[in-house]
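Please examine the sequence and the structure shown below. The paragraphs that follow lead through the model step by step.

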Amino acid sequence: MDEPRPEQKADVDERVESPDFDALTPPEELVRGDRTRDDFFDAILGLDSPSTASEVAELAGHGVDAAREYLAWFERMGIVKQVTDSPATYQRNQAYLNWRRVQKLRDQYTSGRLLEFLKTETERDEKYTEQFGVASPEAVSITSAAADTDRSVEDVWEAVSAWKTTQRRITLLERALASGAGDHVDQSTAV
């Protein structure tokens, strides 16, 4: 197996620190270029339901024809998916964005380090399960939990949001480990 390129190797500091999941692959770095393309990309990242070219154009602050061109290009790149034909609607391809994050994890960290991160996140997940007495953050009633624990609704909401983030991190780490099994050098032992 070929040695990874120098920019793909983690330095000593990166091996010690936990990954910053929010900074792994910022979506705005997936597509670079002129401001118009960035405007459309930002609009796509903000989509929470299938949207037409005119809705995307309005979000981006540009014309419908430009939206159609960029949506077609983003679809070829895998960043969006066309959901319907008439009218054509598009939605963000979250699977693609997650795949990019998994690739970044695999490129930056060894399997051993990813396992350490997974252990930390799993322990955090178990603490939230214990704290709320339910198996998932979706099962938490924020107002009931606030009343039962004499905490503010905001505090409970923040804890539930952090729990959801923890579960997303676990999923990304598990995918990085599963997809990288046996196919990359353990950088901490590479000579």
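Predicted model: local features only at pLDDT ≥ 70, side-chain atom pairs only at ≥ 80, totals over all residues.

**A guided reading of the model**

Phe-74 counts as buried, because its relative accessibility is 0%; buried means under 20% relative accessible area, exposed means over 50%, and partly exposed lies in between, as computed with a 1.4 Å probe on protein chains only. Trp-73, by contrast, counts as partly exposed at 26% relative accessibility. Of the 191 residues of the chain, 35% count as buried.

Residues are numbered from 1 along each chain as its sequence is written, and side-chain values use heavy atoms, with hydrogens and water left out.

The term pLDDT denotes the predictor's confidence in each residue, from 0 to 100. The chain averages a pLDDT of 85, and 82% of the residues score at least 70.

The chain contains nine helices and three strands. These elements are DSSP runs numbered from the N terminus: helices are H or I runs of at least four residues, and strands are E runs of at least two. Read from the N terminus, their order is α-α-α-β-α-α-β-β-α-α-α-α. Among contacts in the chain between residues at least 6 apart in sequence, 65% join residues at least 24 apart.

The three strands may be considered next. They form an open sheet in the order β1-β3-β2, with antiparallel pairing; two strands pair if DSSP finds at least two bridges between them. The edge strands, each pairing on one side only, are β1 (51-52) and β2 (80-85). Two bridges join β1 to strand β3 (residues 88-92), and Thr-52 has Thr-89 in β3 as its bridge partner. Helix α5 packs on the sheet, where it touches β2 and β3, and its direction makes about 120 degrees with that of β2. Such angles run from 0 to 180 degrees between N-to-C directions, and the axes are lines fitted to C-alpha atoms, for helices over the stretch in contact.

Five bridges join β2 to β3, and Asp-85 stands opposite Ala-88 in β3. These two strands form a hairpin with two residues between them. Pro-87 is found in this loop between β2 and β3, and a cis peptide bond, with omega about 0 degrees, joins Ser-86 to Pro-87. Most residues other than glycine have a negative phi, and most peptide bonds are trans. Asp-150 is a further point of note: although not a glycine, Asp-150 has a positive phi of about 60 degrees. This residue lies in the loop between α8 (142-149) and α9, and it is exposed, since its relative accessible area is 73%.

Attention now turns to the interior. In soluble globular proteins, nonpolar side chains tend to be buried together. A nonpolar core is a set of buried Ala, Val, Leu, Ile, Met, Phe, Trp, Tyr and Cys residues joined through side-chain atoms within 4.5 Å. The largest such core has 18 residues, of which Phe-40, Ile-44, Val-56, Leu-71, Phe-74, Ile-79 and Val-80 touch the most other members. Two or more residues are given to this core by each of α3 (35-45), α4 (53-60), α5 (64-77) and α6 (94-108). Apart from it lies another core, of 12 residues, including Leu-105, Phe-117, Leu-172 and Leu-177. Ile-44, leaving aside its neighbours within four places in sequence, is in contact with Leu-71, Phe-74, Ile-79, Val-80 and Arg-92.

Finally, the structure holds eight aromatic pairs. Rings of Phe, Tyr and Trp (its six-membered ring) pair if their centres lie within 6.5 Å; planes under 30 degrees apart count as stacked, over 60 as edge-to-face and the rest as tilted. The rings of Trp-73 and Phe-74 have centres 5.3 Å apart and planes at 55 degrees, and therefore this pair is tilted. Ring pairs also link Phe-40, Phe-41, Tyr-70, Trp-73 and Phe-74 into a cluster.

Conventions:
Contact = heavy atoms within 4.5 Å.
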